[in-house]
Amino acid sequence: LTLLQSLVALKLAEQVGKRGRYRLGPRLLQLGRKVEARLDIIALARPALVRLCQQSGEMVNLLVPSATTMVVVESLKGEVFLKATPLKGRDLPMHGTASGKCFLAFSSDAVQRSTLSALTFTKTTQKTIGDAKRLEKEFAKIRKAGYATEEDEYTADTVALAVPIIDQGGRIRATLSLHGPGARFGAARRPKLLVLLQKEAQRIGRELL
């Protein structure tokens, strides 16, 4: 009975009538819808990831938020023969990645506040952002530019460009990013890569309700 009472308190179960019968609660339905939405994004984004890999030759990642991290739900690399990368399935820190900074910058004020208060600002390189105030200063710049960058902040000699995937309701749902060695992400090439990223992110967003 104690277990059932706990499940009811968490809205994972609910009592039906007064005869001790229980059924699945509304919280499970909400969780199921979140998983379904994530699967929808993966399915919708996969053609975009393939195109980006073939056009850029760089690693392409699709990330969705999860509490204080970004989850790499799909990651591909290669130009002709594509394969998943070791990043797929990993949790990456919000404060130390282009995708994390991009997601927070385009999130609501409430999401920003709750996430920043829960973050642990662990530094993985000397350039990792180490405090909330410094991270907050990045948001206006990112929104104005329309994308976020990461240079040696999560791993050394790695550059990432991330753009938001925004649904038809104006909500950010995920991020789309390109990763590679700094030598291949010079100032002359970045605008071309950003055009490719933004085009595909907008295409995905138009399919999301």
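Of the 27 residues in the largest nonpolar core, those that touch the most other members are Leu 49, Val 60, Leu 62, Ile 165, Leu 176, Leu 197 and Ile 204. A nonpolar core is here a set of buried Ala, Val, Leu, Ile, Met, Phe, Trp, Tyr and Cys residues joined through side-chain atoms within 4.5 Å; buried denotes under 20% relative accessible area, exposed over 50%, and partly exposed the range in between (1.4 Å probe, protein chains only). At least two residues of this core are supplied by each of α2 (26-56), β3 (59-66), β4 (69-77), β8 (158-166), β9 (172-181) and α6 (190-205). The largest share, seven residues, comes from α2. Helices (H or I, at least four residues) and strands (E, at least two) are DSSP runs numbered from the N terminus.

The model is predicted: local features need pLDDT of at least 70, side-chain atom pairs count only at pLDDT 80 or more, and totals for chains, interfaces and linings use all residues. Residues are numbered from 1 along each chain as its sequence is written, and side-chain values use heavy atoms, with hydrogens and water left out.

In soluble globular proteins, nonpolar side chains tend to be buried together.

The protein chain as a whole has six helices and nine strands. Buried residues account for 40% of its 209 residues. Among contacts between residues at least 6 apart in sequence, 55% join residues at least 24 apart. The chain exposes about 11,800 Å², of which carbon and sulfur atoms supply 55%; these areas come from the Shrake-Rupley method with a 1.4 Å probe, and for residues only the protein chains shown count as cover. The structure holds zero disulfides (pairs of cysteine sulfur atoms within 2.5 Å). Cys 53 counts as buried, at 0% relative accessibility, and Cys 102 is likewise buried, at 0%.

Strand β9 contains His 179, which is buried at 13% relative accessibility. The C-alpha atoms of His 179 and Val 60 are 6.5 Å apart in space, although the two residues are 119 apart in sequence. Beyond its neighbours within four places in sequence, His 179 is in contact with Glu 58, Met 59, Asn 61, Glu 150, Val 159, Ala 160 and Phe 185. The side chains of His 179 and Asn 61 are joined by a polar contact of 3.0 Å. A polar contact is a pair of N or O atoms within 3.5 Å; within protein, one must be able to donate a hydrogen and the other to accept it, and residues adjacent in sequence count only if both atoms are side-chain atoms. In helix α6, Leu 196 is partly exposed, at 23% relative accessibility. Leu 196 touches Leu 52 and Gln 55, residues up to four places away in sequence not being counted.

Helix α5 (residues 132-145) has 14 residues and reaches 20 Å from its first C-alpha to its last, close to the 20 Å expected at 1.5 Å a residue; the expected span is 1.5 Å times one less than the number of residues. At the start of α5, a side-chain oxygen of Asp 131 reaches to within 3.3 Å of the backbone nitrogen of Lys 133. The buried residues of the helix are Leu 135, Phe 139 and Ile 142, and their cover includes α3 (98-105), α4 and β7 (148-151). Gly 146, with a positive phi near 90 degrees, follows α5.

Helix α4 (residues 109-118) holds Gln 112, which is buried with a relative accessible area of 8%. The side chain of Gln 112 reaches the backbone oxygen of Ser 107 at 3.4 Å. With residues up to four places away in sequence left out, Gln 112 touches Leu 104, Ala 105, Ser 107, Phe 139 and Arg 143.

Most residues other than glycine have a negative phi. Asp 152, although not a glycine, has a positive phi of about 60 degrees; this residue lies in the loop between β7 and β8 and is partly exposed, at 23% relative accessibility. Asp 157, also placed in the loop between β7 and β8, has a positive phi of about 55 degrees and is exposed, with a relative accessible area of 53%.

How values were computed
Contact = heavy atoms within 4.5 Å.
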